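Visitor: I'm new to this one. Can you put it up and walk me through it?

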Amino acid sequence: IIIFLNSSIILCLPEKLLVVTVATKETDGFRRFMRSAKHFNYTVKVLGRGQKWNGGDYMSAPGGGQKVRLLKAALEKMKTQDKIILFIDSYDVIFTSGPEELLKKFQQARHKVVFSSESLIWPDRHLEDKHPHVREGNRFLGSGGFVGYLPNIKEMVADWTGEDNDSDQLFFTKIYIDPAKRVRFVSLQCSLYPSGLNSNNYEVVLKFEDRRVRARNLLYDTLPVIIHGNGPTKLQINYLGNYIPNTWTFENGCTLCHEELRPLTALKESEYPLVVIGIFIQQPTPFVTVFFERLLKLQYPKNRLKLFIYNQETHHERQVSSFLKDHGSLYQDVKFIGPEEEMDGVASRNLGFDMCRKDKDCEYFFSLDIEVVLKNENTLKILIEQNLQNISSFLLHSFILAPMITRAGRLWSNFWGALSVDGYYARSEDYVDIVQGRRVGVWNVPYVSSVYLVKADLLRSELTEYELFNSHILDPDMAYCHNIRSKGIFMYVTNMHTFGRILSTENYQTGHLHNDLWQIFENPVDWQDRYIHENYTYIMKDKLIETPCPDVYWFPLFSDVASNHIVEEMEHYGKWSGGGNVDNRIQGGYENVPTVDIHMNQINFEKEWHKMLLEYIAPITEKMYPGYYTKAQFDLAFVVRYKPDEQPSLRPHHDASTFTINIALNQVGLDYQGGGCRFLRYDCSIEAPRKGWALMHPGRLTHYHEGLPTTAGVRYIAVSFVDP
């Protein structure tokens, strides 16, 4: 490639190009920049490493003069005059193509120094009228990147005498608006690299092509060699960086996620990183007991775990105290803060971080809200192993990583793919694909919540402020993520594995003994896990339905926990009927075959019971009684109690139903003696009912039956008279 300049010939060869950048510390953004440079074989010289940054916070005020000072000093030491220098920011820059294309576009510009362009003027708006108008592209100069010949750039910065916190952009702008200097030095270019990404995210889109990804500027129909996400567009470049230049492609998926991972299995258990797990209970939540059961199953040495448990809800004191009493000693240490300490949720999260920050042995803080359902027992190991990879991969360093969890049946998750202008949720183009697993990888995102792992070194270096969760206008999780982003620290979410889900806490009532029984609508998956027999899903496949008597079917339905909770809920309610014929609870007020019972509607459980019948009984009914389809309507559903000194048995009768469901709620031989059901016309008895198993049989006409005597203990059954 040849460009003619002042009658001399300068060869624009890739080896003549030197990329110069300033990075006083190695941030996540810097590592991303270096990864893209390495991918395209750029030669990079980094200035200012290890030095204190004195250039100001020019996100909100002018600054950056330190960069010009460092560049000027570095150029003075360069003796080879045929170099082409690309001076560029690194924290918010990604290369999208190689040196050959960059130099070609520089040649086409036919200028000695080419700057990136801006759509907005900064930092002095009074200079707007002095900027020349342009036919195409942005009108104003951006100092985030420029490329030119070494002698010309050296001459251009020779006049710099400013302070480190003076504005580098103002310095270069004054050169550009001076007609004489502009002719000598400077041109603006948009096709080489837009300074930026515009605040209108739709102007720059991803272009997937042949196992690589580029950014396409729709406004100018260009493929920039470099993308620079300055100011408010930093989040957009984080999104683009999830793909460019080949971080994720349709052909290969995530190209970095498996690079040099170091499995924890290579370590002795005594060498595992020490983790503080922060557990936060801030509202009434279903299945808290199950949460602690899963915590115990987490595959990580418990002597390498410390617990920080914050409970704001008196409703959950029983579950927390039971867990600590039975299992607290398994952990290296436990700190518990209960409702009586009157600490709010914001203070608790700040305190949890500080507990790890001040503990010299703490290597990670694992934040875990009580509504998180961690189905993957290896979650903690997986997250830590993602960070133990070799730093040469440039994927994660500061390390805030969340396992992706979703709400069953919905697109709700614990991360946001984008932010709106006012800092709240916005859906990114790839959000649905990530949530639904069509794109799998480790994703740089602007917001995570509910469950995430934080590296303790980060808390001791970049995140030393105690009140990370405080804000007068933002929720604690939003305030936390805002503070993280403002420091240029990346947050990631991984969907490389299936980790679990998050519970809905909406409409969770606490007025019952076992409130989780009422969660079949709000959290149906968790309700099934807790209350439906572990073998239920194998009924059809493995033919677990037995036929002990003609047209009588017997199959597993309820777990032991479900059976226990229903019995305990009824005993807690306590208003058992007397077993007499007069019964004002039913239409007509008279019961021909009375039992000692409590109806489901007495405990406001009829809607939930109907849902259970629809979901778990109707499919079996339709399978075993071909051609019969039911909506599982019932007039009566109740729990019966049999006791030798109360009502030990039930006389022969027909049920007033199309079919009947009879579920054993406790265990013969353990909880009671005797009992069972005898179908008289077939002289067929089921005398050893299995706990949690359902007996399904026709009700009217054909299946005349009786309840066999309970001779000792107390027997409980749940009965439903079901019609179409």
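Visitor: Let's start with F95: buried or exposed?
Guide: F95 counts as buried, at 0% relative accessibility. Buried means under 20% relative accessible area, exposed over 50%, and partly exposed in between, with a 1.4 Å probe and protein chains only.

Visitor: Before we go on, what kind of model is this?
Guide: This is a predicted model: local features need pLDDT of at least 70, side-chain atom pairs count only at pLDDT 80 or more, and totals for chains, interfaces and linings use all residues. Residues are numbered from 1 along each chain as its sequence is written, and side-chain values use heavy atoms, with hydrogens and water left out.

Visitor: Back to rings. How many aromatic pairs are there?
Guide: The whole structure holds 44 aromatic pairs. Rings of Phe, Tyr and Trp (its six-membered ring) pair if their centres lie within 6.5 Å; planes under 30 degrees apart count as stacked, over 60 as edge-to-face and the rest as tilted. One of the pairs is Y42 with F95, which is stacked, 4.0 Å centre to centre and 20° between the planes.

Visitor: Why does that pair tie together separate parts?
Guide: Y42 is in the loop between α1 and β4 (44-47), while F95 is in strand β6, so the pair links parts that are 53 residues apart in sequence. Helices (H or I, at least four residues) and strands (E, at least two) are DSSP runs, numbered from the N terminus. Y42 is buried too, at 8%.

Visitor: What about F291 and F292?
Guide: Their planes stand at 90° and their ring centres are 5.3 Å apart, so that pair is edge-to-face. F291 counts as buried at 6%, and F292 is buried at 3%.

Visitor: Which residues form an aromatic cluster?
Guide: F87, F115, F146, W160, F171 and F172 form one.

Visitor: Which ring does R690 sit over?
Guide: The charged end of R690 is over the ring of W693, 4.4 Å from its centre. The test is NZ of Lys or CZ of Arg within 6 Å of the ring centre and within 35 degrees of the ring normal. R182 also lies over a ring face, that of Y176, at 5.5 Å from the ring centre.

Visitor: New topic. Where is L368?
Guide: L368 lies in strand β18 (residues 362-369). L368 is buried, at 2%. I279 is 89 residues away from L368 in sequence, yet the two are 5.0 Å apart in space, C-alpha to C-alpha.

Visitor: And what does L368 contact?
Guide: Beyond four places in sequence, its contacts include I277, F291, L295 and V451. Contact means heavy atoms within 4.5 Å.

Visitor: How covered is helix α7?
Guide: Mostly: six of its eight residues (234-241) are buried. Those buried residues pack against α1 (28-39), β6 (93-95), β10 (204-209), β12 (226-228) and β24 (442-445).

Visitor: Which strands form an open sheet?
Guide: There are four, in the order β33-β39-β36-β37, with antiparallel pairing. Two strands pair if DSSP finds at least two bridges between them. The edges are β33 (650-653) and β37 (684-686), each pairing on one side only.

Visitor: How many bridges join β36 to β39?
Guide: Three bridges join β36 (residues 677-679) to β39 (residues 705-707). R678 has E706 in β39 as its bridge partner.

Visitor: Last one: what does the UniProt annotation cover?
Guide: The unreviewed UniProt entry gives "domain: Fe2OG dioxygenase" for residues 633-724. UniProt positions use the numbering here, feature names are shortened, and annotations may be inferred rather than shown by experiment. That span is 0% helix and 55% strand, and its end C-alpha atoms lie 6 Å apart.
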